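Subject: Structure handover

Hello,

Here is the structure for your files. Please keep it open while you read the notes below.

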Amino acid sequence: MCIRDRLSAPGPPLDPRTEETMHQLHRQLDELRHEVHGVRRELDVAIRARDAIGQERDDLIEINKQSREIIRAVEQERNQLKGELHAVTAYHVKDVHHRALV
């Protein structure tokens, strides 16, 4: 049987000090329940914030991977163009040198 049931149950009346103590305890319990509710709301907000930060981190990791792939592709293209430029330059130097001899 809970305390409230015992208070409302028939029987000898409670001592006024006991009754006041019970009311104080009930008020404290209500205050604590309200406080727990507030803490739960704060916890929910913190969990959502943590999840959002985790998602942002995952997004940034993916962006970083894609950026590295793009950089590698650009470097490969640059190296290929350098090679082509070197080949064209060598051809022109050879052509100019050949024309000078003729």
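Predicted model: local features only at pLDDT ≥ 70, side-chain atom pairs only at ≥ 80, totals over all residues.

Residues are numbered from 1 along each chain as its sequence is written, and side-chain values use heavy atoms, with hydrogens and water left out.

Overall

The protein chain has two helices and zero strands; both kinds of element are DSSP runs numbered from the N terminus, helices being H or I with at least four residues and strands E with at least two. Of its 102 residues, 4% count as buried (buried is under 20% relative accessible area, exposed over 50%, partly exposed in between, with a 1.4 Å probe and protein chains only). The chain exposes about 9700 Å², and carbon and sulfur atoms supply 59% of that area (Shrake-Rupley method, 1.4 Å probe; for residues, only the protein chains shown count as cover).

Salt bridges

The count comes to four salt bridges, where a side-chain nitrogen of Lys or Arg must lie within 4 Å of a carboxyl oxygen of Asp or Glu.

- Asp30 is partly exposed at 40% relative accessible area, and Arg33 is exposed at 52%.
- Arg50 is exposed, at 54%, while Asp51 is partly exposed, at 42%.
- Asp58 is partly exposed, with 37% relative accessibility.

Surface patch

Glu56, Asp59, Glu62 and Glu69 form a negative surface patch. Patch residues have over 30% relative accessible area and no salt bridge; like charges are joined within 9 Å, and nonpolar side chains (Val, Leu, Ile, Met, Phe, Trp, Tyr) within 5 Å. Asp and Glu count as negative, Lys and Arg as positive, and His and the chain ends are not counted. The place of a charge is CG of Asp, CD of Glu, NZ of Lys or CZ of Arg. Glu56 lies in helix H2 and is exposed, at 52% relative accessibility.

Regards
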